[in-house]
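This report describes one protein structure for a reader who has not seen it before. Please look over the sequence and the model before reading on.

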Amino acid sequence: ELLGDMIKQVRLERNMTQDQLGKLIGVQKAQISKLENNATNVTMETILRVLTALKAKISFHIELKSHKVQIAS
């Protein structure tokens, strides 16, 4: 829910329509709508493409038991 809201807010701040964002990353407007409304399972690849198109700084922190992995891009 948080991710969808964030994507929508940033898209609107950049004065982009769902259609424009979809065309920028090669998906239909409906996919962007579903992503923003958290109505579907979305691949990590699509999420990364959306965040990249919105010029977001992307970093991950994953913790599994005693192992920590931090990936920044």
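Residues are numbered from 1 along each chain as its sequence is written, and side-chain values use heavy atoms, with hydrogens and water left out.

**Layout and confidence**

The protein has 4 helices and 2 strands, where helices (H or I, at least four residues) and strands (E, at least two) are DSSP runs numbered from the N terminus. Along the sequence their order is α-α-α-α-β-β. Of the 73 residues, 29% are buried; buried means under 20% relative accessible area, exposed over 50%, and partly exposed in between (1.4 Å probe, protein chains only). The accessible surface is about 5500 Å², and carbon and sulfur atoms hold 53% of that surface. Accessible areas come from the Shrake-Rupley method with a 1.4 Å probe, and for residues only the protein chains shown count as cover.

Contact means heavy atoms within 4.5 Å. Among the contacts with a separation of 6 or more, 41% join residues 24 or more positions apart.

The average pLDDT, which is the predictor's confidence in each residue from 0 to 100, is 84 for the protein, and 84% of the residues score at least 70. Confidence is highest in α2, at 95, and lowest in strand β2 (residues 67–72), at a mean of 59. Where pLDDT is low, the predicted coordinates should not be read in detail.

**The core**

A nonpolar core is a set of buried Ala, Val, Leu, Ile, Met, Phe, Trp, Tyr and Cys residues joined through side-chain atoms within 4.5 Å. The largest one here has 15 residues, and those with the most contacts inside it are I7, L21, I25, I32, L35, V50 and L54. Helices α1, α2, α3 and α4 are the elements that each give two or more residues to this core, and α4 gives the most, with 4 residues.

**Helix α2**

Helix α2 spans residues 18–25, and its buried residues are Q18, L21, G22 and I25. These lie on the same side of α2 because they cover an arc of only 100° around the axis, the arc being that of the directions from the helix axis to the C-beta atoms. The cover over them includes α1, α3 (29–36) and α4 (44–53). On the face turned away from this buried side, α2 carries the exposed residues K23 and L24. After α2 comes G26, with a positive phi near 85°.

| Residue | Residues touched (within 4.5 Å) |
|---|---|
| G4 | L35, E36 and N38 |
| I7 | L35, E36, V50, L51 and L54 |
| R11 | M16, T17, Q18, L21, E36 and L54 |

G4 is in helix α1 and is buried, at 1% relative accessibility.

R11 is found in α1 (residues 2–13). Is R11 buried or exposed? R11 counts as buried, because its relative accessible area is 5%. The side chains of R11 and E36 make a polar contact at 2.5 Å. Such a contact is a pair of N or O atoms within 3.5 Å; within protein, one must be able to donate a hydrogen and the other to accept it, and residues adjacent in sequence count only if both atoms are side-chain atoms.

Conventions: Predicted model: local features only at pLDDT ≥ 70, side-chain atom pairs only at ≥ 80, totals over all residues. Lists of a residue's contacts leave out its neighbours within four places in sequence.
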